[in-house]
Amino acid sequence: MTWGEQNTEEESHKQLDYALRKGVNFIDTAEMYPVPTKAETTGRTEEYIGRWLAKGGQSLRSKIVLASKVSGYCERPWIVANRTVPPGEGKNPRLFREQILAACDGSLRRLQTNYLDLYQLHWPDRYSAVFGSLAYERRLERPDFAPFDEQVLAMGELMKAGKIRHWGISNENAFGVARFVEAAGRLGVPLPVSIQNDFSMLYRKFEQDGTAEACSPLHTGQDGGIALLAYGPLAGGTLSDKYSMSGEAVARCRHVLYPTFQRRYHSEASLEAASRFASVAKRHGLTPAQLALAWTAGREYVGAVIIGATSQEQLEENISAFDVELSKECLEEVDKVNLEFERPFHRPNSAS
């Protein structure tokens, strides 16, 4: 997500080479990356990855599970304009058939490949309480959202054309999962294989609001169900506890450089919780990042944990976390901290 904004192409290729040597084979990107999205940088992350893939040829491509995403509704017309060369008409991204097909072609061109292993709907076309919203507000509903059937059929069309092998959803809830599963079954389109949602020790909504239940093998009728691709396992770096530190390294961090981006990750309460989780990690001989990543990877419905390191050092630490097995005591301590911050009615009363 940072390649092309906080990272150079050379740095991104070095990280990709290292990750591949360490056994990482899943690469996830999106047409709008890097973030924060801007007209002058949109698509640059895919271009960096595409040139890396081109250097390795078919031998490299065959080793990689490559995923990208088409943008849902937003007022960022440059995303649509960037789908063609030269840039086309700028209009707001939507998840209607025509835009889904055009977005896929744009990603294939930038990634220098003729197929994607996984293509995802980045966020809903309809209004939904996403990205840390506190409540659903009916006044924000948009009656003209792209129909579920149209989105499903577009993904089926891309599969039949050989441009994508599987499809998935992202930033979705139980309602959306149920509607997509019903539509796919009725229309004869393979079910989505994955759901990419924000998920971490700090934000466990996926497993608490019915979405994990909706994605289960029992309710989807699909072996393995719909796997969670967890993004934000470090809450944008907050769970590494680096924001409690000072110095030049912190000054280059995402939430210092872009204080209005993903504010949910660096609120006062989030920082306080991160400090508590860091204490748990220390008691168990782990770094805060290792604890956060190992915890996420250990959830039964997780298909992959998506990491997005800015520096090479961060990448190496993050990858090492997947060799960690957390003890029962450590998991209980995580739950205790989480309950205090996420559900205040579980927080014990202060001694009088």
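Helices and strands are DSSP runs numbered from the N terminus; a helix (H or I) has at least four residues and a strand (E) at least two. The model discussed here is predicted.

**Nonpolar cores**

- In soluble globular proteins, nonpolar side chains tend to be buried together.
- The largest nonpolar core has 73 residues, and the members that touch the most others are Y119, L121, W167, L239 and L291.
- Leaving aside residues up to four places away in sequence, Y119 has contacts that include V70, I100, C104, M155, L158, I164 and W167.

**Cis peptide bonds**

- Most residues other than glycine have a negative phi, and most peptide bonds are trans.
- The bond from Y33 to P34 is cis, with omega near 10°, and P34 belongs to the loop between β1 (26–28) and α2 (44–61).
- V35 and P36 are likewise joined by a cis peptide bond, with omega about -10°; P36 is in the loop between β1 and α2.

**Positive phi values**

- F131 is not a glycine, yet its phi is positive, near 55°.
- F131 occurs in the loop between β3 (118–121) and α5 (148–160), and its relative accessible area of 40% makes it partly exposed.
- N171, also not a glycine, has a positive phi of about 55°.
- N171 lies in the loop between β4 (167–170) and α6 (174–187).
- Is N171 buried or exposed? N171 is buried, because its relative accessible area is 8% and buried means under 20%.

Conventions: Residues numbered from 1 in each chain as written. Predicted model: local features only at pLDDT ≥ 70, side-chain atom pairs only at ≥ 80, totals over all residues. Heavy atoms only, no water. Core = buried A, V, L, I, M, F, W, Y, C linked by side-chain atoms within 4.5 Å. Buried < 20%, exposed > 50% of the residue type's maximum accessible area, 1.4 Å probe, protein only. Contact = heavy atoms within 4.5 Å.
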